[in-house]
Amino acid sequence: MITTPAWFCRPSARSWRVPAAQLPETQLPETQIAETQIAEARAGAPAFHAELPGYRPTELTELPALAEELGVGRVFVKDESTRMGLGAFKVLGASWAIARLLADPGDAGRVSLGELRRAVAAHPVELVTATDGNHGRAVAWMARLLGLEARVFVPHVVAERARAAIAAEGATVIVSGDAYDEAVEQAAAYAGPQGTGAGRLLVQDTAWAGYENVPRWIVEGYGTLLAEVDGQFAERELPGPDLVSVPVGVGSLAQAVVTHYRQGKRAPAVLAVEPETAAGVLASLHAAARQSVPTAGTVMAGLNCGTPSSLAWPVLSGGLDAAIAVADQLAIEAVADLGRLGVRSGPSGAASLAGVRAALTGPGAGTRRSGLGVTTSSVVLLLSTEGTGGK
């Protein structure tokens, strides 16, 4: 349970811009990458994803009833419940990171599924990760697609249904530790030094000192979702959202969102939403330094992470406008309300609505709305990161 205030806001974040060193593919060890290569790498993830079985852009759904309730102009939900049959956005990051791990280093922007299959046929490896649900299933799915073995470490709090979904993809599931952070430690130890050893590759969606390339590629992979959003807003002849609400676990998706919207002239407010029982980003923002917090059970299982990614933190500490912690009951209510409006969202995905409601309504809402720059004409984007089967 959080011991810091459940709200943090910093309007000056909208004027922050991502330093070159924190942009995708601008920094590798002792390497300076040319601008043409950066452009190739950014184009590479969407092109690679388009080759994957079942890929299509997920829906951007407008919900006028929520706009009226929240006192804003329009509300859109990016619905990840249909993402490639896996019901969550995580496969975008996991698949791209695996592609980058297995591809020739010189082919950063030109990775193809056929090339990967040929590479792993010649040099098979075991993919290793820790998860509280969706990321592990995505890694297992990608391993099955490539004909590789996968070993997925999960904490005890992960539901049996989520473990079964991972195992159904052909992975070996290891129950290890009481919390997500402990499972990550076990996966990293099994994979070996720097995440590579004895024919094993660690595919983890959080970073720490000495392990940053894979989490960086995962964040790049999430860029496909945001590129889809850009196209979908353009189709509606809208410049983009004024407020983006993003559920947060270790912060990698929030890192992708902030990076995406802190490069150009248009800078919407970005709101991070966490469970009250696992609000590591909120605590870190209040402390002005990356913090680890103890976690407890929550229905928002995919957000049950106590330590922000070391790669995400510099971006979030500079460019994240606000963070809020919400109770399980608010997420449960958001699931039900989105369902009545035709959006299938699990508690982790519906946290985006729960957080916006807590921020824009109720006692003190005037101050919070002002801090976020929200008016009666604002356009709000909710990222619903998982469907009802996600855990």
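**Exercise 1. Identify the residues that are linked in a network of salt bridges.**

Solution. Glu69, Asp337, Arg340 and Arg357 are joined in a network of salt bridges, where a salt bridge is a side-chain nitrogen of Lys or Arg within 4 Å of a carboxyl oxygen of Asp or Glu. By this rule the count comes to 17 salt bridges. The model is a predicted one, in which local features need pLDDT of at least 70 and side-chain atom pairs count only at pLDDT 80 or more, while totals for chains, interfaces and linings use all residues. Residues are numbered from 1 along each chain as its sequence is written, and side-chain values use heavy atoms, with hydrogens and water left out.

**Exercise 2. Locate the partners of the salt bridge between arginine 74 and glutamate 62, and state how accessible each one is.**

Solution. Begin with the distance: the closest N and O atoms of arginine 74 and glutamate 62 are 2.8 Å apart. Helices (H or I, at least four residues) and strands (E, at least two) are DSSP runs, numbered from the N terminus. Finally, arginine 74 has 29% relative accessibility and counts as partly exposed, and glutamate 62, at 31%, also counts as partly exposed; buried means under 20% relative accessible area, exposed over 50%, and partly exposed in between (1.4 Å probe, protein chains only).

**Exercise 3. Determine whether glutamate 228 and lysine 78 are buried or exposed, and which elements their salt bridge links.**

Solution. The closest N and O atoms of glutamate 228 and lysine 78 are 2.8 Å apart in this salt bridge. The pair links distant parts of the chain, with glutamate 228 in helix α8 (residues 213-235) and lysine 78 in strand β3, 150 residues apart. Both glutamate 228 and lysine 78 are buried.

**Exercise 4. Describe how helix α4 packs against α5, and classify the residues in contact.**

Solution. Two packed helices are described by the angle between their axes and the distance between the axes. Helix α4 (residues 113-122) and α5 pack at an angle of about 75°, with their axes 9 Å apart; axes are lines fitted to C-alpha atoms, for helices over the stretch in contact, and angles run from 0 to 180 degrees between N-to-C directions. The two helices are therefore roughly perpendicular to each other, a class that covers 65 to 115 degrees, with angles under 35 counted as roughly parallel, over 145 as roughly antiparallel and the rest as oblique. Leu113, Leu116, Arg117 and Val120 of α4 make the contact with Met142, Leu145 and Leu146 of α5, contact meaning heavy atoms within 4.5 Å. These residues divide into 6 nonpolar, no polar and 1 charged, where Ala, Val, Leu, Ile, Met, Phe, Trp, Tyr, Cys and Pro count as nonpolar, Asp, Glu, Lys and Arg as charged, and the others, Gly among them, as polar.
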